[in-house]
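Student: I am new to this structure and would like a close look at one part of it, taken slowly.

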Amino acid sequence: MSTPTESGPVLDAASPLPPEIEAADEPTRVPLAIEDWLTVIIMGLLACITFANVLVRYFTDSSFAWTEEFSVFLMILLALVAGSAAVARDRHIRIEYFAESGSQARRKRLAQFGAAMVAMLFFLIAVLSVRVVWDDYRYEENSPGIGVPQWWYSIWLPVVSLAIALRAVGLFVRRGRKTTYGGTDR
């Protein structure tokens, strides 16, 4: 007697890859190593800043004033860079019940629709955040913690939002070319 096979997707986008499947990224025009290295650099900076601040606090009972503000900025930048990598790798949050069910054509349309919506959202964020950067620059806003120009921080929102939007456009194109999707043909 054979055991019944599972009717759902064999491997969804949120599942860890089993050892027999090589964990290779889809080929992209812009290398995904950019986001990977930025993540490593940002995490390294966060670790160094935090460690230095802990040492200074331990030995002097005071801390560097700039560490909290800079750490918050780096964490936000890290989230945006990781979001770009998630979009490029098609590992963003979705409801698998809808995304992985139905015919190949339906899954293809849903994958393209999701990529198009992500692209539209981040293009909109990029455009609207340019105004924020301009206002920070024009009105000479300073950061509350250490008093550096606020646009030094805010300039990265439109830049990384544009990068995420372009990654989503690339995903849209790749999903348009792809013929099979996770799961079985139904």
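Are helices H1 and H2 roughly parallel or roughly antiparallel to each other?

Tutor: The model is predicted, so local features need pLDDT of at least 70 and side-chain atom pairs count only at pLDDT 80 or more, while totals for chains, interfaces and linings use all residues. Residues are numbered from 1 along each chain as its sequence is written, and side-chain values use heavy atoms, with hydrogens and water left out.

Helices here are DSSP runs (H or I, at least four residues; strands are E, at least two), numbered from the N terminus. The axes of H1 and H2, lines fitted to C-alpha atoms over the stretch in contact, with angles running from 0 to 180 degrees between N-to-C directions, come within 10 Å and cross at roughly 160 degrees. H1 and H2 are therefore roughly antiparallel, a label for angles over 145 degrees, whereas under 35 would be roughly parallel, 65 to 115 roughly perpendicular and the rest oblique. The crossing of H1 with H2 is left-handed, meaning that the near helix is turned anticlockwise from the far one by less than a right angle.

Where the two helices meet (heavy atoms within 4.5 Å), H1 contributes residues including Leu-38, Ile-42, Leu-45 and Ile-49, and H2 contributes residues including Phe-70, Leu-74, Leu-78 and Val-81. The residues of this contact divide into 14 nonpolar, five polar and one charged; Ala, Val, Leu, Ile, Met, Phe, Trp, Tyr, Cys and Pro count as nonpolar, Asp, Glu, Lys and Arg as charged, and the others, Gly among them, as polar.

In the segment before H1 (33-60), Glu-26 pairs with Arg-175, with their closest N and O atoms 2.7 Å apart; Arg-175 belongs to helix H6 (residues 156-177), 149 residues away. Asp-90 also bridges to Arg-175, at 3.0 Å from N to O, and because Asp-90 lies in the loop between H2 (66-88) and H3 (96-99), this pair ties together parts that are 85 residues apart in sequence. Both Asp-90 and Arg-175 are buried, whereas Glu-26, at 29% relative accessibility, is partly exposed; buried means under 20% relative accessible area, exposed over 50% and partly exposed in between (1.4 Å probe, protein chains only).

Glu-96 and Arg-94 form a further bridge, at 3.2 Å. Through shared partners, salt bridges join Glu-26, Asp-90, Arg-94, Glu-96, Arg-174 and Arg-175 into one network.

Definitions and conventions. Salt bridge = Lys/Arg side-chain N within 4 Å of Asp/Glu carboxyl O.
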